[in-house]
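Biologist: I have not looked at this one before. Can you walk me through it?

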Amino acid sequence: MTLDDVFDKFLTSNSIFTNRSVLTISFTPSTIPHREAQINDLGRILAPALRGEKPSNVFIYGRTGTGKSLITRMVGDQLEKRSKDSSMPAKVIYLNCKMKAADTEYRLLASLSKEFGVEVPFTGLPTDQIYSIFFKCIESKKQNVILIIDEIDALIQKNGDEILYNMTRINQDLKNSKVSIIGITNDLGFIENLDPRIKSSLSEEELIFPPYNAVQLQDILRTRAEDAFGENSLAEGVIEKCAALAAQEHGDARRALDLLRVAGELAERSNVKEVSIEHVDAAQDKIDLDRTTEFARAQPKQSQAVLWAILKLDKKTNIETGEIVEKYAEVCRDNNLKPLTQRRISDLIAELDLFGVINTKVVSKGRYGRTRVVSVSVGEQALGKLQKMLQQNFL
Ligand SMILES: Nc1ncnc2c1ncn2[C@@H]1O[C@H](COP(=O)(O)OP(=O)(O)OP(=O)(O)O)[C@@H](O)[C@H]1O
Ligand SMILES: [Mg+2]
């Protein structure tokens, strides 16, 4: 037995997973249930590239975890393969604007040029020079360039929409090649706020990805669980539970897969051979916990102070705004913070609500009118962790 065999044996013998990576984000599944319509629509839109014609620009939107990135990349890959031997091959480039490499106009163009094998320094050149480098890359041979610009809202938010204007106009100057753009966003308000000229040229075609329902999520989970887990590793109802929880949020396949993966990891850690419903519940808590503390840690000091004031009141429901404001004033005094106006405090409370750390509702107080009450909506475990974290920041 070689050392590698020893390691392999160790890694596989005790594992509830046969292949855990199947449930991670970076994995591309080979079967993609319940997206046939979107796959075929996008295929039809891009197909003209196979005859050397420029496909329409496409705008793709839908909520988070609805398969937009997965499907667009998959269709792009297949198109590129099919067109390889044609007289005008397609070159499909994928960029995610949330990534550092594509978050400014400069870096986006530098990354694009790099895809054509031209190294550009990552700072320093004037914009028109880097444009002309990119332009030359495209024109270097006859090709149909298809740019997938994922999370396009992040790019525009940071840099304005001029860049899109330039990109959509580039075809007017190209002789050999053609450029098409596929923009993807989960920010449904984004497209409404776009300059109408850019909007109309970018959304020559539009594709909407609806949220998955619980039954669809079950199918997605089942196909992926087959490759991820050994036989009889999942107790009855585990898939259904993950699907139901994710469907409650908004039909997010990423959430469903995370739940199943984390449930598997928890089962494995407690050395059992089967993932149970309890593991799914625990997975839900763990994901919420990680999310909540991550969120709280990223908040500005004032927002943390409001949250700390709420937690210091030491009750979970029926907390009145007045109480929070009073406690918050104390927190500010003890910590040398300049207190915000009541109006701003209300805004911060609304933000905390939006993220789900707390819940607010307006209740009627009979003849005393109506008042807003707050309840803490994180589980015991998350609460403890939040308290610990905030304790380090405040007196
Ligand atoms: N129909 C499906 N079949 C199998 N897996 C899927 C399906 N739809 C989505 N997934 C998986 O769910 C996860 C989320 O999908 P994807 O990244 O495509 O979402 P998205 O719509 O781009 O979300 P966001 O707007 O947050 O970027 C990925 O791991 C993906 O592989
Ligand atoms: Mg995506």
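Modeller: We can go from the whole chain to its domains, then to charged side chains. This is a predicted model, where local features need pLDDT of at least 70 and side-chain atom pairs count only at pLDDT 80 or more, while totals for chains, interfaces and linings use all residues. Residues are numbered from 1 along each chain as its sequence is written, chains are lettered from A and ligands numbered from 1 in the order in which they are written, and side-chain values use heavy atoms, with hydrogens and water left out.

Biologist: How many helices and strands does the chain have?

Modeller: The chain has 16 helices and eight strands. Helices (H or I, at least four residues) and strands (E, at least two) are DSSP runs, numbered from the N terminus. Along the principal axes, the C-alpha atoms fill a box of roughly 75 × 60 × 45 Å.

Biologist: And what share of the residues is buried?

Modeller: Of the 395 residues, 46% count as buried. Buried means under 20% relative accessible area, exposed over 50%, and partly exposed in between (1.4 Å probe, protein chains only).

Biologist: What are the domains?

Modeller: The assignment gives domain 1 (36-209), domain 2 (212-295) and domain 3 (299-393). Such bounds come from an automatic or database domain assignment.

Biologist: How much area is buried between domain 2 and domain 3?

Modeller: About 850 Å², with 76% of that from carbon and sulfur atoms. Buried area is the accessible area (1.4 Å probe) that two parts lose on being put together, summed over both. On the domain 2 side, Leu289, Thr292 and Phe295 supply 72% of the area buried against domain 3, more than any other three residues.

Biologist: Which polar links cross there?

Modeller: A salt bridge is a side-chain nitrogen of Lys or Arg within 4 Å of a carboxyl oxygen of Asp or Glu. One residue pair is in polar contact across that interface, both at pLDDT 80 or more. A polar contact is a pair of N or O atoms within 3.5 Å; within protein, one must be able to donate a hydrogen and the other to accept it, and residues adjacent in sequence count only if both atoms are side-chain atoms.

Biologist: How many salt bridges are there by this rule?

Modeller: The count comes to 21. One of them joins Arg222 and Asp219 at 3.8 Å, N to O. These two are three residues apart in helix 9 (residues 214-228), so about one helical turn separates them.

Biologist: What does Glu249 pair with?

Modeller: Glu249 meets Arg255 at 3.5 Å and Arg291 at 3.7 Å, N to O in each case. Arg291 lies in helix 12 (residues 277-298) and Glu249 in helix 10 (residues 238-249), so that pair ties together parts 42 residues apart in sequence. Arg255 is buried at 5% relative accessible area, Glu249 is partly exposed at 35%, and Arg291 is partly exposed at 37%.
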